[in-house]
Amino acid sequence: MSEPTVQPLAAAPDAAAPGFSGPGELAAALEGTGYLPDEGLATAAYLALVMHRPLFLEGEAGVGKTALAHALARVTARPIYRLQCYEGLEASQALYDWDFGRQLLHLRAAEAAHATQDTEQLEASLYDRRFLLARPLLQALEDSPSVLLVDEVDRADDEFEAFLLEVLSDFTISIPELGTVRAQTPPLVVLTSNRTREVHDALKRRCLYHWLQHPEFDREVAILRRRLPQVTEQLAREVARAAAKLRTLDLLKPPGIAESMDWATALHTLGARDLDPDLAARTLGAVLKYREDTERVQALARGALFGA
C-alpha cells in the first residue's frame, strides 16, 4: 500500500512568485513597513526569496534580525510562524503533538455510544488530523507559502540543530499515523543567531548567510525617525550618537537599534526634545540591561557621553 499524503493548504495561483524585480524593489517595500535594510541585506533577502533558500542572520542582539522576518512577511503578504529556540527544545515541540485530552474525550464518547467493538477502527479514529496539534514547523509547511522564523537557533542543542537541517533539506515532515506533509511552496525560512555558540557548518551551508551589524549613524537616525515620528530630529540624532558611543565601551550588552528606540521613546515620554545629560542618566534602564554596564556608564563623564 502506498504511503498516504497529508495535503497542505492550497496557495493562491501567484502566491509563490517573489513579486519583486530585484533587491532594490524589495528594499523599497521593506522601507514602506518601517524597516530600512542596507544594500547587502536587501540582496540576501531577495535571493532567499527567489532561490527558496533559508536565510541565516547572525549578529548582536537588537540589530533587527527578527524584525526583518516580520517585515518580509508583511511585504510578501505571507503568514509568519515563529519557533523560539531554547536549550532542551525537542522535535515534538517544533513539529507536532497529539492532543491527548481531546483523544481521551473522544474515547469516552465512543464508549458511551457503545462504539468500541471495532478496536482497530477506534484506534485509527484517535489519530485523526483533528487531534493533531501543529507546531511552527508543521504550520509553516501546511500554510503554504509562509515565512518560518527560527529565532535564536544558537540556543538550541546540537541534536535539534541536526533535526532542523533534515527538515530544511526537503521541506517535508513524516507523521507515522497520517502520512507525509510536503509544502507546495517552500516557506521563506529566516534563522537568527546571537552567536552565543557556533552553529554547525552543515546548517550554515544549507543557508544564505548575512552578518547584521549595528547601523551607521545616518541610517540609525533614519530608522528612529521612521519608526518614531513623534520624536524630534534633534533627539533622534543625539540618541543615535550616544548609542554609538556606548557601543565603544566594551559593555556586557551593547545597545542595539531596539534599545535606541526604547531610549528615544522614554525620553520623548518625559518631554525631552534633545538629550539632556541628567535625563539621559536617569533613563539608562531603557538602553542598558546590566547593572555592571549602568555603573560603568554612570562613572564616566556624562557630558562626554551624552553631550551634543
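A salt bridge here is a side-chain nitrogen of Lys or Arg within 4 Å of a carboxyl oxygen of Asp or Glu. By this rule the count comes to eleven salt bridges. The model is predicted: local features need pLDDT of at least 70, side-chain atom pairs count only at pLDDT 80 or more, and totals for chains, interfaces and linings use all residues. Residues are numbered from 1 along each chain as its sequence is written, and side-chain values use heavy atoms, with hydrogens and water left out.

**Salt bridges**
- Asp151 pairs with Arg82, with the closest N and O atoms 2.8 Å apart.
- Asp151 lies in strand β6 and Arg82 in strand β3, so the pair ties together parts 69 residues apart in sequence. Strands (E, at least two residues) and helices (H or I, at least four) are DSSP runs, numbered from the N terminus.
- Asp151 is buried at 3% relative accessibility, while Arg82 is partly exposed at 44%. Buried means under 20% relative accessible area, exposed over 50%, partly exposed in between (1.4 Å probe, protein chains only).
- Glu220 bridges to Arg247 at 2.9 Å between the closest N and O atoms. Both Glu220 and Arg247 are buried.
- Glu58, Arg195, Glu198 and Lys204 form a network of salt bridges. Within it, Glu198 meets Lys204 at 3.6 Å, N to O.

**Nonpolar cores**
- A nonpolar core is a set of buried Ala, Val, Leu, Ile, Met, Phe, Trp, Tyr and Cys residues joined through side-chain atoms within 4.5 Å.
- The largest has 35 residues; Leu137 and Phe160 are among those with the most contacts inside it. Its largest share, five residues, comes from α8.
- A second, separate core of 28 residues includes Val231, Met261, Ala280 and Leu284.
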